[in-house]
Amino acid sequence: QRWFMDNRDLNREMASPVELTPMFQKPSQRFGERLLRRLIDHVDYLLDLHTATTGYTNGIYARVDTRHPRAAELAAALSPPVIVNKPPADGSLRAAAQAMAVPVVTLELGSPLGFEAHIVTDATAAVMRALAKLGLIAGDDEVPETVMLTSTRWLRAMTQGLATVHVKPGDQVEKGQTLATVVDFWGDQLEDVTTPVPGVVLGHIVHPQVYEGTRVVHLGINE
């Protein structure tokens, strides 16, 4: 659960300004500062495991800032199906760890509020590969293929209705391909959600109801 008692997203409160005294810090900022000082400051590597937000699903993919060689090496050691070169968001745990010179990778994993056997199995294998690469456990030399991407883009609904997604995480898609369809409550088609660029599906909505601007399909792309 990322939302703290003060209704703030903890993963945007991890870079509390150092000049603020505790009297002026929000509860989420205090928690973030203590997490960084008491834990993150003492680790050699950080692997941050995420699921999609409620109502969405992800495949397995890593986000890493490849300008940092040790973080890039950690992502490569995981060998997930997809690695996205993406600088961290301000205030995120990844940004804070990176500022503390801790190599950090975020690994996105499936859906929230449940267990998905194939996600658990594949993610465990990825973590074991990374631990073996770091010399912490024994491992074999077999490494799955990984697709490297440079950016991500959300495709959004332009109308209000019910969405049916026609792709799944990991699918490679072509420019102009229809990835989802939106219909009204009587089943009449309102729009096709098409991609303006080729890419790889990283995740998508699972709840059918959408409004104008709702995120429908998350693409990894090369720009």
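Trainee: How much space lies in the second largest pocket?
Mentor: About 250 Å³. Keep in mind that this is a predicted model.

Trainee: Which residues line the second largest pocket?
Mentor: Among them are Ala 76, Ala 77 and Ser 79. Met 128, Arg 129, Ala 132 and Lys 133 also line that pocket. So do Gly 139, Asp 140, Asp 141, Glu 142 and Val 143.

Trainee: Which helices supply at least two residues of that lining?
Mentor: Helix H2, residues 69-78, and helix H4, residues 117-133.

Trainee: And which element gives the most to it?
Mentor: H4 does, with 4 residues.

Trainee: How do the lining residues of this second pocket divide by class?
Mentor: There are 5 nonpolar, 2 polar and 5 charged residues.

Trainee: Let's switch to the largest pocket. What volume does it have?
Mentor: About 1200 Å³. Its lining has 40 residues.

Trainee: Which of those are closest to the centre?
Mentor: Arg 2, His 50, Thr 51, Thr 53 and Glu 108.

Trainee: Which elements supply at least two residues of the lining there?
Mentor: Two helices are on the list: H1 (27-38) and H3 (93-99). The strands are S1 (46-50), S2 (56-58), S3 (60-64), S5 (104-109), S7 (151-156) and S14 (215-221).

Trainee: Which one gives the most?
Mentor: S1, with 4 residues.

Trainee: How many nonpolar, polar and charged residues are in that lining?
Mentor: 20 are nonpolar, 11 are polar and 9 are charged.

Trainee: S1 keeps coming up. In what order do the strands of its sheet stand?
Mentor: The order is S1-S5-S3-S4-S6. Those 5 strands form an open sheet, and the pairing is mixed.

Trainee: How much are neighbouring strands turned against each other?
Mentor: By 20° on average, with direction ignored.

Trainee: Now S3 and S4. Do they run parallel or antiparallel?
Mentor: Parallel, with 4 bridges joining S3 to S4, residues 82-85. To find the pairing in the viewer, look for Ala 62, which stands opposite Ile 83 in S4.

Trainee: What holds strands together in general?
Mentor: Strands of a sheet pair through backbone hydrogen bonds, either parallel or antiparallel.

Trainee: Back to the helices. Which strands does H2 lie across?
Mentor: S1, S3, S4 and S5. H2 runs at about 35° to S5.

Trainee: And which strands does H4 lie across?
Mentor: S1, S3 and S5. H4 runs at about 40° to S3.

Trainee: New topic: the other sheet, with S8 in it. What is its strand order?
Mentor: S11-S10-S8-S13. These 4 strands form an open sheet with antiparallel pairing.

Trainee: Which strands stand at the edges?
Mentor: Strand S11 (189-194) and strand S13 (209-210). Each has a single partner strand, so one side of each lacks a neighbour in the sheet.

Trainee: How many bridges join S8 to S13?
Mentor: 2 bridges. S8 covers residues 161-165. Leu 162 stands opposite Gln 209 in S13.

Trainee: And how many join S8 to S10?
Mentor: 4 bridges, with S10 at residues 178-183. Leu 162 turns up again here, opposite Val 183 in S10.

Trainee: What do S10 and S11 form?
Mentor: A hairpin, with 5 residues between the strands. In the turn, Gly 187 has a positive phi of about 90°. 5 bridges join S10 to S11. Thr 178 stands opposite Thr 194 in S11.

Definitions and conventions:
Residues numbered from 1 in each chain as written. Predicted model: local features only at pLDDT ≥ 70, side-chain atom pairs only at ≥ 80, totals over all residues. Heavy atoms only, no water. 1 Å grid on protein atoms, 1.4 Å probe; cavity = no way out; pocket = protein on both sides within 12 Å on 5 of 7 lines; lining within 4 Å. Points joined across faces, edges and corners; volume = space filled by probe spheres on them. Nonpolar A, V, L, I, M, F, W, Y, C, P; charged D, E, K, R; others polar. Pairing = 2+ DSSP bridges. Axes fitted to C-alpha atoms, helices over the stretch in contact; angles between N-to-C directions. Contact = heavy atoms within 4.5 Å.
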